[in-house]
Amino acid sequence: MEIEIKKIAIQGIEGSFHHQVAATLFDKNLSLDECMSFELLVKSLKENTSQKGIMALENSIAGSIIPNYALIDSNDLHIVGEHYLDISMNLMVLKGQKIEDITEVHSHPIALLQCAVFFNKYPHIKLVESGDTAETARRIQQQKLIGIGAVASPIAAQLYDLEILASGIHTVKSNKTRFVIVKTQNAIRDKEEINKASIKFKLDDTPGNLATVLNVMNNCKLNLTKIQSMPIIETPFQYSFFVDVVFAKYKHYEKAKKILELMTTHFKVLGEYKKGEQ
């Protein structure tokens with residue numbers, strides 16, 4: 001029996017992209033635990049302040065958020081679902097200002113990275129990293145910050161009564177972020193509903209080992225959608241591999257899993273869940 005969900009942990013505050021995902025996936029009456037870092041989000045789950053968390057894992061422009069893979073793994077969290085969100089980045093300020101008046105723009109580093117080409121056109125603007133897109137927008141409104149802009153969602157501009165000077169400023173217009181839903185306990189789900197898995201494995205330093213593993217996945221009818229390597233700190237030039245696979249039938253994945261458990265020096269399932277709509 002699954003535990004009752006009373007609170008959802010998100011990175012950021014109301015108006016953030018994590019909040020948008022929570023509002024889409026869960027009952028709007030559920031309360032939020034607004035965490036200003038992913039480490040605090042994990043702490044919220046571990047202490048049962050919240051029962052599910054939402055974590056961004058990769059963006060179609062900025063790439064993987066590698067530290068979050070490590071957080072999920074080292075804290076033994078379970079990925080129980082995923083959601084793809086269309087991201088719209090917008091430059092917003094206190095009303096009545098022009099872009100020539102702005103000297104600094106603050107936002108989450110991933111948000112700024114997604115808008116690098118736009119800001120190259122405005123060398124007078126200094127980019128400053130902050131903890132959250134929506135928190136920056138709120139701070140500008142609360143402190144009446146003149147000459148400071150935020151990069152955030154249209155919802156943040158509406159919530160915090162800011163003016164959008166430029167909309168859709170992300171470099172590539174098709175901009176999606178993949179979020180995962182995580183818990184401290186695995187979900188109870190019918191195998192027939194599961195068509196995606198996130199796994200982690202380590203290999204010994206033998207030439208061709210990774211190619212052999214990938215060949216096993218292919219032979220077992222698994223479609224590899226993501227592979228991310230991460231250095232093993234204690235063992236220089238050795239790597240862990242985080243892999244996402246999708247499959248038509250759970251038995252194909254189950255067969256591959258049994259083989260990979262024998263082939264790898266370490267094998268771990270991070271989550272088995274239903275693939276999100278892209």
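An open sheet of 4 strands, in the order β13-β14-β12-β15, shows antiparallel pairing (two strands pair if DSSP finds at least two bridges between them; strands are DSSP runs of E with at least two residues and helices runs of H or I with at least four, both numbered from the N terminus). Because β13 (223-231) and β15 (266-273) each have a single partner strand, they stand at the edges, and one side of each lacks a neighbour in the sheet. Direction ignored, neighbouring strands are turned by 15 degrees against each other on average. The model is predicted, with pLDDT of at least 70 needed for local features and 80 or more for side-chain atom pairs, while totals for chains, interfaces and linings use all residues. Residues are numbered from 1 along each chain as its sequence is written, and side-chain values use heavy atoms, without hydrogens and water.

Within the sheet, β12 (residues 196-202) and β14 (residues 239-246) run antiparallel and are joined by 7 bridges. Phe 201 has Phe 241 of β14 as its bridge partner. Helix α3 (residues 66-74) packs on the sheet and touches β12, β13, β14 and β15 (contact means heavy atoms within 4.5 Å). The direction of α3 makes about 90 degrees with that of β13 (angles run from 0 to 180 degrees between N-to-C directions of axes fitted to C-alpha atoms, for helices over the stretch in contact). Helix α9 (residues 250-263) lies across β12, β14 and β15, at about 165 degrees to β15.

In helix α2 (residues 38-46), the buried residues are Phe 38, Leu 41, Val 42, Ser 44 and Leu 45 (buried means under 20% relative accessible area, with a 1.4 Å probe and protein chains only). Elements covering these residues include α3 and β11 (176-183). Asn 48, which follows α2, has a positive phi near 65 degrees.

Methods: Buried < 20%, exposed > 50% of the residue type's maximum accessible area, 1.4 Å probe, protein only.
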